[in-house]
Amino acid sequence: MITTHSPRVAVVTGAGAGIGRACALRFGREGYGVLAVDRAADDLAASADQLRAAGVDCLTVVADVSEAPACDAFAAAALERWGRIDVLVANAGVQTGGSLADADADWNRILEVNVKGVARSCAAVLPAMRARGGGAIVMVSSINAVIGVRGMAIYDASKAGVLGMMRSLAVEHGDRGIRVNAVCPGATVTDFHERRAAARGITPAQLRDRTRGYGLLGRAAEPAEQAAVIYFLASDEAAFITGQAIVADGGYSLTAGSN
Ligand SMILES: NC(=O)c1ccc[n+]([C@@H]2O[C@H](COP(=O)([O-])OP(=O)(O)OC[C@H]3O[C@@H](n4cnc5c(N)ncnc54)[C@H](O)[C@@H]3O)[C@@H](O)[C@H]2O)c1
């Protein structure tokens, strides 16, 4: 039901874990209605519990962003609930390493999620933003989009593709007051890493300990630190910023050549 006092609304994809969950919490705490999207139903339910415990007005939709109808459905759900979409955080992504030959089997999936999934998410929300005459899209790329990382060629290509798309959409939709930007996170300790570490008997504390020395600040980021950059880019504080990528890597890209 649309109320006369609809809050601003943020759609966050990949909100079941990591950076996406942190974004959902950040926007929610700032007073946004939050539509949280993820393909993993259990993880999304866990995020919803956290959002509701924090008093956030939220709605969850289980959807795979690589499927255009699923993206259209989550945009429709936001519009039905709140009547507006102010922000899209296009965050859902898969991280797969391996040499070109090793990663060949994952090539299509990486492109489907990391590139087409971002495109489909944007396509789903842009009509509502254009109709209202404004909005902000923040895409989650990666520091790997701007530096070379051994064994990550396909993932890196997908994240560089996100930056190209970000610039094109910024050019195409600026005249309607829609800003499109990206964040390029460096190493960020998320559920993905914690789960992988747990499978090897490594605790979250040990995992963070192992990131000591990363970048110029000597540590990896926490998801909330990436969410803070994303929130800034989406907020009115960044009202004159569009078509830009902010690198949030604790200075890692300045040290990469020294390894
Ligand atoms: N964590 C890092 O160090 C890091 C660094 C650079 C960039 N990134 C990027 O940040 C984004 C978030 O990653 P994270 O580290 O929080 O990972 P994560 O695995 O903790 O969370 C990603 C979430 O996205 C969901 N997801 C994946 N594919 C999906 C799909 N097709 N449809 C809907 N949901 C989907 C997953 O279920 C998961 O809940 C990704 O785009 C990733 O590439 C992460």
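Predicted model: local features only at pLDDT ≥ 70, side-chain atom pairs only at ≥ 80, totals over all residues.
User: How does the lining of the largest cavity divide into nonpolar, polar and charged residues?

Analyst: The division is five nonpolar, four polar and no charged. Residues are numbered from 1 along each chain as its sequence is written, and side-chain values use heavy atoms, with hydrogens and water left out.

User: What is a cavity, and what is a pocket?

Analyst: Both come from a 1 Å grid over the protein atoms alone. A cavity is a set of points where a 1.4 Å probe fits but cannot get out; a pocket is an open set with protein on both sides within 12 Å along at least five of seven lines. A lining residue has an atom within 4 Å of a point. Points are joined across faces, edges and corners, and the volume is the space filled by probe spheres set on them. Here, the search of the whole structure gives one cavity of 30 Å³ or more, and the volume of the largest cavity is about 30 Å³.

User: Which residues line the largest cavity, and which element gives the most?

Analyst: Elements are DSSP runs numbered from the N terminus: helices are H or I with at least four residues, strands are E with at least two. The lining consists of Thr-13, Val-65, Ala-90, Asn-91, Ala-92, Val-113, Gly-117, Val-118 and Ser-121. Helix α5 gives the most, with four residues.

User: What is the volume of the second largest pocket, and which residues line it?

Analyst: Its volume is about 210 Å³. The lining is made of Gly-18, Arg-21, Ala-22, Leu-25, Arg-26, Arg-29, Thr-190, Asp-191, Glu-194, Pro-223, Ala-224 and Ala-227. Two or more of these residues come from each of α1 (18-29), α7 (191-199) and α9 (223-234), and α1 gives the most, with six. By class, there are five nonpolar, two polar and five charged residues.

User: How should I read the length and setting of α1?

Analyst: The expected span of a helix is 1.5 Å times one less than its number of residues. With twelve residues, α1 reaches 17 Å from first C-alpha to last, close to the expected 16 Å. As a general point, an α-helix has 3.6 residues a turn, so residues three or four places apart point the same way. Among the buried residues are Ile-19, Cys-23 and Phe-27. Just after α1, Gly-31 has a positive phi of about 100 degrees.

User: Which residues come nearest to the ligand?

Analyst: A residue is near a molecule or strand if one of its heavy atoms is within 4 Å of it. There are 31 residues around the ligand, of which Asp-38, Asp-64, Asn-91, Tyr-155 and Lys-159 come nearest. For an N or O atom in the side chain of Tyr-155, the distance is 2.7 Å. For a polar side-chain atom of Lys-159, the distance is 2.8 Å. For a backbone N or O atom of Thr-188, the distance is 2.8 Å.

User: Within the protein, what counts as a polar contact?

Analyst: A polar contact is a pair of N or O atoms within 3.5 Å; within protein, one atom must be able to donate a hydrogen and the other to accept it, and residues adjacent in sequence count only if both atoms are side-chain atoms. One case joins the side chains of Ser-66 and Arg-109 at 3.2 Å. Ser-66 sits in the loop between β3 (58-62) and α3 (68-82) and is buried at 9%. Arg-109 belongs to α5 and is partly exposed at 32%. Another contact, of 2.8 Å, links the side chains of Arg-84 and Asp-86. Arg-84 lies in the loop between α3 and β4 (87-90) and counts as buried at 17%.

Methods:
Nonpolar A, V, L, I, M, F, W, Y, C, P; charged D, E, K, R; others polar. Buried < 20%, exposed > 50% of the residue type's maximum accessible area, 1.4 Å probe, protein only.
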